[in-house]
Amino acid sequence: MILEALEREGVEYIFGYPGGANLPLYQHLPEHPKLKHILVRHEQGAAHMADGYARASGRPGVVFATSGPGALNLVTGLCTAYMDSVPMVAITGQVPSTVVGRDAFQESDVIGATSSVTKHSYLVTRIDQLPRVIHEAFHIATTGRPGPVLVDICRDVQQADAERVTPERLAIPGYRLNGHVDLEGARQAAEALAGAERPVILAGHGVILSHAEHQLQELAEAAAAPTGTTLLGIGAFPVKHPLSLHMTGFMGTGWNLKAVQNADVLMMVGMRVDDRVTAKLAGFAPKVKTFIHVDIDGSEMGKNVRPQIELVADAKQAMAAMLPHIGELNPGRAAWLTQIDAWREEHPLRFKRSNGRLQPQDVLIDMYRRARSEAIVVADVGQNQIWAALWWNYDRPGLFINSGGAGTMGYALPAALGAKFARPDVPVWCVAGEGGFVMTAQELSVAVEHQLDVKIVLLNNFSLGMVRQFQDDFYGGVRSQVELTHMPDFVKLSEAYGMPATRVERFEDIAPAFDAAERTKGPFLIDFRIDPEANVYPIVPIGKTLNEFWEAPES
Amino acid sequence: MSGQIRILSVEVEDAPNTLTKISGAIRRRGFHVRGISVGPSREPGRFRLTLQVDHGHAEADQVRKQLERLVEVLEVTDLTGDEVHSRELVVAKVSASELEALLRRGAKVISTAADGTTVEFSGERDEVGAFVDELALHGIVDVARSGPVVMRRTQ
């Protein structure tokens, strides 16, 4: 009955791992050829694959795991999806209802362990609850602010016979969807934006989730408002647009941070305004007189920054409602745009090519030259993530996928595989450091088994680069436990899994390696031995305001 | 500190996970429960909670908003600062010789036994606090005190 329900929800892929408490599900799986099951090598991989699948397809990712350790291995993946509002339905087996609470073999309180990292969860102990619960789970995961929903189903319920039941009509009285835009608020927001002398718009993941990129661009152009994005909002606004401020936050571009810190009206759309965006909160955007906050989740209003105008609504509808009210612009606008251009000239992205070592930015620049905006980049966490965010000119949503909120190392490889299942027609690049890569490297099996055409760009600096950079700059220069020695030979490791790979140590070998990757059908890994001293810039020192960003040394 | 306390009336679904979810949300956001009472609501399958929550450094309205995000929560009414009827209940066992003073304060005898007399007293938080202080002077055998039950006053 569960599998039938999944078919009814239009599920295409299930990422999962069998075990004692979900055996009945797997017994009947072969009867449902429409449900393609991907056998992962660790449950965390299943959750990240479903996450990558969901972000690349817009459809909910589906995960199976057994009870106890199986389900608990999902926790990091659920948290990753929860922090970044990714729709997911995880179906976990639970010990039979007759022994729940008796510390049975592989029993754990999965609902208790996952409550704080799921949008909602259900424990199913009776067969008659099932049709309603599965249907509700998909509804809750995909509507409003999306998120992961966990359904924990006792093994005896999975086995129970029941007449085929069509789901009841949804009745979830405690589930509130914020649909209607406050039109008066939208008018006020539009007037504030148009009337501002120095407006700035920042766009987050919510803009991408609501497919509001066109409304954002129209609004930015109508209001002549410089527009930047958060890390997760990358792609919501074209990086090469004349009004683009590129990425904001404590590793954002210099001209973005200058703009935010000097704005008089700041509109924040589909974002949480977290500490990575604001840096030291007390000094965030100090000249702003009117904060406008648009988000579908009302609890984001004033959670970190108190807005003068708040619109609790879907980003697309809210911006569409604002557009007609953009009237005459403040006469100071031309001077503001000139100032932004001057800051862009003054604080460009740059890096130093001095010590003859391979620079990660050169790798990414060559990659972008080939892929343009036709490829999906799935980044891991750390320096590799910020380099991949800053050195590609993403011009539309959905091309850059990464774990922004949770910052989960090991995310990239399984998420890239999930993205490739979702978009087999689009080139998928996985960018990872060697530290994060080995956390989930066992999923290479899945890449090889399904001959997934995913190219892995390993930015290998023999260390935990971001932690090393923080230790150097903010923790007394004490390098502690950041050197990764005794790592595998990644070329041999790939070959052991049955996939080709190559190693690059010099600038002139970048292009031939990418040529080889592009010629190869199926997975391919390039082990780029990059400069271990390469740093991420700009960066705002810990505890400082956005004004105090450090830039890369001039080359 | 009382400026940090929100008084909320919360209508919830009677589900196995409801209290865990509510207490989890409160803990995770750095809030602290100062008083709680739970009882069935008029609607079958629903419960009504009265919560006194210290929201610490977070914005006052965050408590309501974070609770509203939970699917198990049907309605949250913030009663902070409103004109309300608020009652707490205390049940205490005292030695029979000490009864007189408590009865003068309005306590009611529930039962009498060889090892003591059990009384009940209800009132506003301060009154109940004062009553408990009084009990301390009279040799309490045992005492149990409820959280608040709050309802908005009709105009």
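Predicted model: local features only at pLDDT ≥ 70, side-chain atom pairs only at ≥ 80, totals over all residues.
A strand here is a DSSP run of E, at least two residues long, numbered from the N terminus.

Let's start with the interface. Chain B meets chain A using 17 residues of its own and 20 residues from chain A. About 1,500 Å² is buried between the two chains. Carbon and sulfur atoms give 45% of that area.

Now the charged pairs. How many salt bridges are there between chain B and chain A? The count is two. Have a look at A:Arg306 and B:Glu59, whose side chains form a salt bridge at 2.6 Å, N to O.

Which parts of chain B supply the touching side? α1 (18–28), α2 (62–68) and β4 (73–78) of chain B each give at least two residues. The largest share comes from α2(B), with four residues. And what kinds of residue are they, on the side of chain B that touches chain A? Ten are charged, written 10 in the tally, next to four nonpolar and three polar.

Next, the surface of chain B. There is a nonpolar patch of about 300 Å². Its members are B:Leu19, B:Val33, B:Ile36 and B:Val38.

Conventions
Residues numbered from 1 in each chain as written. Chains lettered and ligands numbered in written order. Heavy atoms only, no water. Contact = heavy atoms within 4.5 Å. Buried area = accessible area lost by both parts, 1.4 Å probe. Salt bridge = Lys/Arg side-chain N within 4 Å of Asp/Glu carboxyl O. Nonpolar A, V, L, I, M, F, W, Y, C, P; charged D, E, K, R; others polar. Patch = residues over 30% accessible without salt bridge, like charges linked within 9 Å, V, L, I, M, F, W, Y side chains within 5 Å. Areas by Shrake-Rupley, 256 points an atom, 1.4 Å probe, with all protein chains shown as cover.
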